[in-house]
Every structure is written in structure tokens, then in C-alpha cells.
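My entries below keep to what I looked up.

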Amino acid sequence: MTAVRRGTRPRAIFFDMDDTLISAYGRPEEAWSRTIAGYGDLPAGLDRSGLVATVLQEARDFWADPVDHRHWRQNLFEARRIVVRRAFSALGYAEQDMADRLADHFSRTREAEYRLFPGAHETLERLRMAGFRLALVTNGAAAPQRAKIERFALAPRFDHVLIEGELGYGKPEPQVYSELLRRCEVGAGEAWIVGDNLEWEVAAPKRHGIGTVWADMHKVGLPDNRPADPDHVITDLPELLARLGL
Ligand SMILES: [Mg+2]
């Protein structure tokens, strides 16, 4: 298969789902502050802003290890319970049931607030009409990821849908990128991947020779400690069409 030069138009485009097509887990500081500020079922005397800061720190520590990350992203509800229990205990509170209820409330609030980013369906439809092969590639457990795909009517807009919980492997494992190329029947130089995770959708696919588009949908800007530089950066989905000359 002939590889095309990077920067020329790809034949296939792979999309991450969470925080690329759907606003899901972005801006945790804002989400935890808002949830805790409006929540009544907390131990007497507990300082709310201290709880927000401690939960965020415990969450950063909890998700830092890639092996643990791989395990716990299959069960986000339980992972959040552990994080909030640790925050309670770091602040000297032993009320585990209360910690679990707050974690579950946060998880349900997050789910209720999932939404498609503006122009998501329209962008995918334009790409399909222009003849690109499209694949959705998402990490996480099968049931909640399928539920999101259904809720936002994404499956009919893609030629292929790859979910970590169904495949048994996920980004940034090399098999994922090989499988995407195989299913779309393109070489690495004929594919782009669009996503918000600088390891999973930039550094790892770049090692395969896939073109990379970093989706900065929450407009946080490229961090200084990034693992690799993306070929393109977009801050909304229709911008991708311009990058492709559509
Ligand atoms: Mg993502």
C-alpha cells in the first residue's frame, strides 16, 4: 500500500470519543467545585473548598499509574468512591458511606451532563460524504461506552467502532492502532487520529506513523510537559474540515 506524505489528505480518520466528540471528563476542577458546593449530605464541620482540593489531589494520584488506570477506567463509579473515601480519610473523616454517596452523586451528575460538542454530527457527516473511512476508538468498559454511543447516535456515523472493553486491549497499546489501520484498509501514512489525550492520540499513534490532530476542546492549550507534538491542533470539530481543505 502506498503511503502518502504527512500533511496530505488522509483516506481514513480515527476519532476518540470522550472529550473529543462528547464533553465527558474535562475540567474536573470546575465539576468537583460545583458538585460539592451544591451538595447537602456532608459530615458536620467539613470544609468544602478543602474537600474539593483534596479530592482533586487524590484523583491525580489515583490515575497517575498507567497500569492502575487501565484497570480502573473499566469501573469509574467504584474508582471515584475510592478517591472520595481517600479524601475523607486524608481530612480526618471516617464516614465511608457518605463518601460513597458523594462519589455516586458526582458520577450521576457527570453522566447527566454529557453532551456532544457543537458540530459533531455535522462534521462526521461531511467527512463521510467526502468519502473518508471513519472509525471510533474509545477506551473504557463496554456497557457505559456503548450507552454513550447509543445516546449520541454515533454508531451509524462510523464504519467501525472499537471499544477497549469489547476488544480486550486499548490505547496506547500498539494493537489498537494496527487494528484501526487493518479495519479501514489503509496504511499508517493514509490515516489521521483525532483526540484529546496527548499519549493515546498523539505520542503513541505518531510512533506508528499516523497523522495526529490534538482536540483541545476544553481550550486548555498544549502543556509544556507533553509527550509529543501533534501535527495539528483544533479547538472545535468543524475546524477539522478546514484542516482537510473541505
Ligand atoms: Mg478522550
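**Ground rules.** I am working with a predicted model, in which local features need pLDDT of at least 70 and side-chain atom pairs count only at pLDDT 80 or more, while totals for chains, interfaces and linings use all residues. Residues are numbered from 1 along each chain as its sequence is written, and side-chain values use heavy atoms, with hydrogens and water left out.

**Entry 1: two helices.** I noted how helices are named: helices (H or I, at least four residues) and strands (E, at least two) are DSSP runs, numbered from the N terminus. Two packed helices are described by the angle between their axes and the distance between the axes. I looked up helix H2 (residues 48-63) and helix H4 (residues 76-90), which pack at an angle of about 125° with axes 8 Å apart. H2 is therefore oblique to H4. Axes here are lines fitted to C-alpha atoms, for helices over the stretch in contact, and angles run from 0 to 180 degrees between N-to-C directions. Angles under 35 degrees count as roughly parallel, over 145 as roughly antiparallel, 65 to 115 as roughly perpendicular, and the rest as oblique.

Which residues make the contact? From H2 I listed Leu51, Thr54, Val55, Glu58, Ala59, Phe62 and Trp63; from H4, Leu76, Ala79, Ile82, Val83, Arg86, Ala87, Phe88 and Ala90. Contact means heavy atoms within 4.5 Å. By class, the contact of H2 with H4 has twelve nonpolar, one polar and two charged residues. In this sorting, Ala, Val, Leu, Ile, Met, Phe, Trp, Tyr, Cys and Pro are nonpolar, Asp, Glu, Lys and Arg are charged, and the others, Gly among them, are polar.

**Entry 2: Leu51.** I then picked Leu51, which sits in helix H2. Is Leu51 buried or exposed? Leu51 is buried, at a relative accessible area of 0%. Buried means under 20% relative accessible area, exposed over 50%, and partly exposed in between (1.4 Å probe, protein chains only). Leu51 and Phe88 are 37 residues apart in sequence, and their C-alpha atoms are 7.5 Å apart in space. Setting aside neighbours within four places in sequence, I found Leu51 in contact with Ile36, Leu42, Leu46, Ala87, Phe88, Leu91 and Leu102.

**Entry 3: Asp104.** Asp104 belongs to helix H5 (residues 96-113). Asp104 counts as buried because its relative accessibility is 11%. Not counting residues up to four places away in sequence, Asp104 touches Phe77 and Arg81. The side chains of Asp104 and Arg81 are joined by a polar contact of 2.6 Å. A polar contact is a pair of N or O atoms within 3.5 Å; within protein, one must be able to donate a hydrogen and the other to accept it, and residues adjacent in sequence count only if both atoms are side-chain atoms.

**Entry 4: Thr212.** I found Thr212 in strand S7 (residues 211-215). Thr212 is buried, with 0% relative accessible area. Beyond neighbours within four places in sequence, its contacts include Ile193, Glu201, Asp229 and His232.

**Entry 5: backbone.** Where is Pro172? Pro172 is in the loop between helix H8 (164-167) and helix H9 (174-184). Lys171 and Pro172 are joined by a cis peptide bond, with omega about 5°.

Ala153, in the loop between helix H7 (142-151) and strand S5 (160-163), has a positive phi near 50° and is not a glycine. Ala153 is partly exposed, at 31% relative accessibility.

Glu185, in the loop between H9 and strand S6 (191-195), has a positive phi of about 55° and is not a glycine. Glu185 is exposed, at a relative accessible area of 54%.
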